[in-house]
Amino acid sequence: MPASAGIAEIAERAEVPPTDIIMELLNRGVLTTINAAIDRDTARAVMRNLGVAIVDEPDVVDAAPVAAREPKKPDSAAPAEGDPRPPVVTVMGHVDHGKTTLLDAIRNTNVVDSEFGGITQHIGAYQVPVNGSAVTFIDTPGHEAFTAMRARGAGVTDIVVIVVAADDGIMPQTVEAIGHAKAASVPIIIAVNKIDLEAANPSRVLQQLTEHEIVVEDFGGDVVAVPLSALEGRGVDDLLEYINLTAELEELRAPVAGPAEGTIIETRLDHSQGPVATVLVQRGTLNVGDTVTTGEINGRVRALFDESGERLRTARPSTPVQVMGLDSMPEVGDPISVIPRQRKRRRQSRTPARGSGDQAMRLSLESLAAQMTAGRLQQINLVVKADTAGSVDAVVKSIDQLGDDRARAMVVYEGVGSVTESDVNLASAAKGLVLAFNARVDATAAAEAERQSVDVRTYRTIYELIDDVDAALKGSIKPEQVEVVDGRLEIRGEFRTERARQIVGGMVLSGRVYTGARVRILRDNEEIGTGHILTVRRFSDVVDEVRQGFDCGLAIETTTKIQLADIIEASHTEERLP
């Protein structure tokens, strides 16, 4: 290594998890994060314990091979060439102004109901037929924490549709969306939504737009404004007509032949398939079997899927596609391109790091808040895990804005994927806790967290996560209702299904199942439904509960169709005090 290097870079070169390096530094009294840099002498001392030798890197290196590895970025300023391609339309606007509902009307699907709290948490990319032509839509989140994700959306777009609620008018994220669109130098279409509401005032919206240098055609300008009700479907066809007209005027083209080039819009970690990247192809054709590179990450395309999960063999320009086969998680916003052959890349060790685990009390947000109030704690250490790279970025940036000189939160590690035993060990060593945003908690991690008394908190919306951390920093968090898992049962028999009730049988794998318990229904470790236990039977007798190692019959109230091998988690909620 050179005189100094980042922990993430050292971990990759040495083929060890970055959490191991962070924990070794913690054992030496140094609290740091994955993005920090350490000098060569410190690295030597730390890595010696991990079985890695550090040698000097020459001060002068040949940069040519590195430059040769950099993927070519699509040149947005190049003159139009190639074949006509579908337009890429980004939908932006303030939270709850109806962006996803508008796309829902266009696609005739029900995306908005699947978003927790009705708020889009990720960039969604969809290609839909509009009046005989394909149009690619990108739906960007509206919450203020997702500024970077919206900026990525504008960076790959041809047309921006800014949705403004007719009752709310111009709001802070509306102004931000206007700024992104202007920075991208692309045509803007204003969708004045919710005109069906009694409080709607479209004229006021058009007047407010002029204050931000957006002059619509009604006021003598060149920006189209379309009044509509996404909920009722009114005006949606007019909007689509203007999108097609604008696209024709732009004369959008891109070469179809040749190796593909594009941009990574989103990434996520699939528990069975590994890293999955959502890619917007911008030039050429991406094929199953192609070798691709993005940054220092390579891969061979094992499978391509569209937004509906349908398998594809190829993806042409302006097509958003999910790509499986990358070696590791790429960075959102990075260019990706096809290369003739794949470079060999070392695999990173997956050996979990171990922690001390000798804490006497449970480290929870509530107890940390109490210590803040008592003046005994100045910093909360956090391990953050989320389902996508964009979400990790948004959560960490939000946390960084919290606190003051009296108290602050420090993210000692951040990553994509499930909460693992290694994450819990790191949180224990840092005397902190784990925040999981739309991320699962592995069974081994949950057991280790209980053993070491480490608080692992899961969240479905970013609002709740930010509010909890902020309240802890202020020392004023209130007791909360916490879900406690009491037992797990594997379904081994299906007996009868009635409307909203199913009779099933199974073996209790751990803990206990009991009458009245709330249940989560898991299939392949993913939650597919909920319900509660109406009755529990042991042979022909109705009993209150059945414990680990015994089989039983359950009557479960649920609308989810339960199948063999499904897992039933029985739980209850309890209030945790500081």
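Visitor: How are α2 and α13 oriented to each other, roughly parallel or roughly perpendicular?

Guide: Two packed helices are described by the angle between their axes and the distance between the axes. Axes are lines fitted to C-alpha atoms, for helices over the stretch in contact, with angles from 0 to 180 degrees between N-to-C directions. Angles under 35 degrees count as roughly parallel, over 145 as roughly antiparallel, 65 to 115 as roughly perpendicular and the rest as oblique. Here the axes of α2 and helix α13 (residues 421–429) come within 10 Å and cross at roughly 20 degrees, so the two are roughly parallel. Helices (H or I, at least four residues) and strands (E, at least two) are DSSP runs, numbered from the N terminus.

This is a predicted model: local features need pLDDT of at least 70, side-chain atom pairs count only at pLDDT 80 or more, and totals for chains, interfaces and linings use all residues. Residues are numbered from 1 along each chain as its sequence is written, and side-chain values use heavy atoms, leaving out hydrogens and water.

Visitor: Which residues of α2 and α13 meet?

Guide: Contact means heavy atoms within 4.5 Å. Thr19, Ile22, Met23 and Leu26 of α2 meet Ser422, Asn425, Leu426 and Ala429 of α13.

Visitor: At what angle do α2 and α3 cross?

Guide: The axes of helix α2 (residues 18–27) and helix α3 (residues 40–48) cross at roughly 100 degrees and come within 10 Å. That is why α2 is roughly perpendicular to α3. Ile21, Glu24 and Leu25 of α2 make the contact with Thr42, Val46 and Met47 of α3.

Visitor: In what order do the six strands of the open sheet lie?

Guide: Strands pair if DSSP finds at least two bridges between them. The order is β5-β6-β4-β7-β8-β9, with mixed pairing.
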